[in-house]
Amino acid sequence: MRISFRRVRAQLTPLLPGRTDLAEIRRDPRRDLLAGLTVAIVALPLALGFGVSSGLGAEAGLATAVIAGALAAVFGGSNLQVSGPTGAMTVVLVPIVARHGPAGVLTVGLMAGGMLVALALLRAGKYMQYVPAPVVEGFTLGIACVIGLQQIPNALGVPKPEGDRVLVVTWRALAEFAKHPNWTAVAVALAVAAVMLIGARLRPTIPFSILAVIAATLVAQVAGLDAAKPIGELPSGLPAPSLSFLDPGALGSLLAPAVAVAALAALESLLSASVADGMSVGQKHDPDRELFGQGLANIAAPLFGGVPATGAIARTAVNVRGGACSRLASLTHAAVLAAIVFAAAPLVSKIPLAALAGVLLATAIRMVEVGSLRAMAKATRSDALILVLTAVATLALDLVYAVIIGLVVAGALALRAVAKEVRLDQVPLDRGDHSVEEHALLAEHIVAYRIDGPLFFAAAHRFLLELAEVADVRVVILRMSRVTTIDATGALVLKDVVEKLDRRGIVVMTSGIRPGQRQVLDSVGALELLRQEGREYATTPEAIQGAHLYLECAGVLPAVPAQTSRPVSEETEETVG
């Protein structure tokens, strides 16, 4: 029991806050407090908007920003990361809320949080860097489109239609607007979005989102714009923890969404932390600790009526630009939002839904990095295809299928590219100490091929087809010193080549097999087959000499007198006998 406890402690200790974190908080608290206040001002309309978009209401977004923001700040692996509700997570949550309600979100949050903690304990953080950039760019573009479409009902001032497919819901909302136009809501949404987009270009340091929302709220109240429907009443404080789980029988149907939430939380949080590192000097996040912090945040937030959260790139960027240098800034952001929940809930409840729709429309537009998309599209056709497929799948299907499709296609195209690198080149025989006449005679009966690159399942079939065309020779020498790797399929194909050519009266000899490749060749019997026939040699000259002796024994070449014969290895003498 003691050994087991020590192992658990050894696994957990690197993932927990330490003295270094406290020392960094004390370095410059004034800058952190100001940065945290700035982030809170920017985060407020986003938290409200994403809460409304998720289907659980504005209070869910605020609860997530406070609870998840505080826990991820304390336990996360980045000093500058700001966590909370995000548009990408909203895309995943909308179908869950539609089918299972708040209890489904709680269950998915707990499952996803547990998965993230498990990934942290398994030290899986470093593997997230292997997700191809076109997949990331593709689902970011798709998510931006989905977020924008999700705002159409509120921006048009119509009740949100039934359904969990964003294209269907958008079409129904447009049809309803055509019957009962609400131009006031449209004007409010477009005005807020325009102020944010234009203001961000002119003065990036000013939080135009909150200014636009305040202005829209004041205009709606003063002018009595009843068509600009407000958020509605908010609780003055965070709800008490709740454990209203789903029926255990429904857990199976929530496994795939939980995996999607966990994967998205991991990917987006680690991507955001990497962005923070790049924007700062001397900062480097711990990916495993970041997963651990996000896991705890996603377990806790749904207990308080929130939704699963991730690291938020936009808010993290504001935090860095605001001068943050420790976790105190993101903690301050959570504390300020908590104060707003307790002190200003009645005021916040008067914000028009159309204004929040405008905030999220502008956010969706700013998520699309045109320069990155253009560069990715120009890089290679494969990158462009992966990007488009991932984006379309995100919009038409959902994020889980989109990422899977993107990864599968990226993997298939990468394998295809690697397989094309495998070359089977015929190379001239080394003359060595053979005479011109003898070398010409050997060349009539011996052909040598050099294999360059990996001999694996994606390239093995082409390798077999090329060798099957060999004719009019008695010996084939395969030079394998440049084979970088070989798998079971490649080993089986090599064995098949040896057997097929042998049945045609053509002997296959090999040279230069690397020690690391012997195990896989031996596992399928290819190495034993070559050894039994005495056809494996350490070097190509030895293989040519062995071929020469074989042809002499077969009567194809005249025997060399004993006094002038070239020395051969002891292994070759025993083989030819």
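In the predicted model, the largest pocket has a volume of about 1300 Å³. Its lining comprises 43 residues, and I313, A314, R315, A317 and R366 are the ones that lie nearest the centre of the pocket. By residue class, the lining of the largest pocket divides into 27 nonpolar, 9 polar and 7 charged residues. The element that gives the most to this lining is α6, with 7 residues.

Helix α6 (133–150) has 18 residues and reaches 25 Å from its first C-alpha to its last, a span close to the 26 Å expected at 1.5 Å a residue. The helix is mostly covered, with 14 of its 18 residues buried. The loop between α5 (87–121) and α6 contains R123. The phi angle of R123 is near 60°, a positive value in a residue other than glycine. R123 counts as partly exposed because its relative accessibility is 22%, whereas a residue is called buried under 20%.

Attention then turns to the nonpolar interior. In soluble globular proteins, nonpolar side chains tend to be buried together. In the present model, the largest nonpolar core has 83 residues, of which L48, V192 and L337 touch the most other members. The element that gives the most to this core is α5, with 13 residues. Another core lies apart from it and has 32 residues, including L424, V470, V497 and V520.

V192, one of the core residues with the most contacts to other members, is among the buried residues of α9. Helix α9 spans residues 183–202. With 20 residues, α9 reaches 28 Å from its first C-alpha to its last, close to the 28 Å expected at 1.5 Å a residue. Besides V192, the buried residues of α9 include A185, V186, V188, A189, A193, M196 and G199. A187 also lies in α9; at 46% relative accessibility, however, A187 counts as partly exposed, because the class of exposed residues begins over 50%.

The loop between α9 and α10 (208–223) holds P204. P204 has a relative accessibility of 58% and therefore counts as exposed. From C-alpha to C-alpha, P204 and V318 are 9.6 Å apart in space, while in sequence they are 114 residues apart.

Strand pairing was examined around β4. Strand β4 (residues 446–455) is mostly covered, with 10 of its 10 residues buried. β4 pairs with strand β3 (residues 423–427) in the antiparallel sense over 5 bridges, and in this pairing V427 stands opposite A448 of β4. With strand β5 (residues 475–479), β4 pairs in the parallel sense, also over 5 bridges. Here V447 stands opposite V476 of β5.

Note on methods. Residues are numbered from 1 along each chain as its sequence is written. This is a predicted model: local features need pLDDT of at least 70, side-chain atom pairs count only at pLDDT 80 or more; totals for chains, interfaces and linings use all residues. Side-chain values use heavy atoms; hydrogens and water are left out. Helices (H or I, at least four residues) and strands (E, at least two) are DSSP runs, numbered from the N terminus. Buried means under 20% relative accessible area, exposed over 50%, partly exposed in between (1.4 Å probe, protein chains only). A nonpolar core is a set of buried Ala, Val, Leu, Ile, Met, Phe, Trp, Tyr and Cys residues joined through side-chain atoms within 4.5 Å. On a 1 Å grid over the protein atoms alone, a cavity is a set of points where a 1.4 Å probe fits but cannot get out, and a pocket is an open set with protein on both sides within 12 Å along at least five of seven lines; lining residues have an atom within 4 Å of a point. Grid points are joined across faces, edges and corners, and a volume is the space filled by probe spheres set on the points. Ala, Val, Leu, Ile, Met, Phe, Trp, Tyr, Cys and Pro count as nonpolar, Asp, Glu, Lys and Arg as charged, and the others, Gly among them, as polar. The expected span of a helix is 1.5 Å times one less than its number of residues. Two strands pair if DSSP finds at least two bridges between them.
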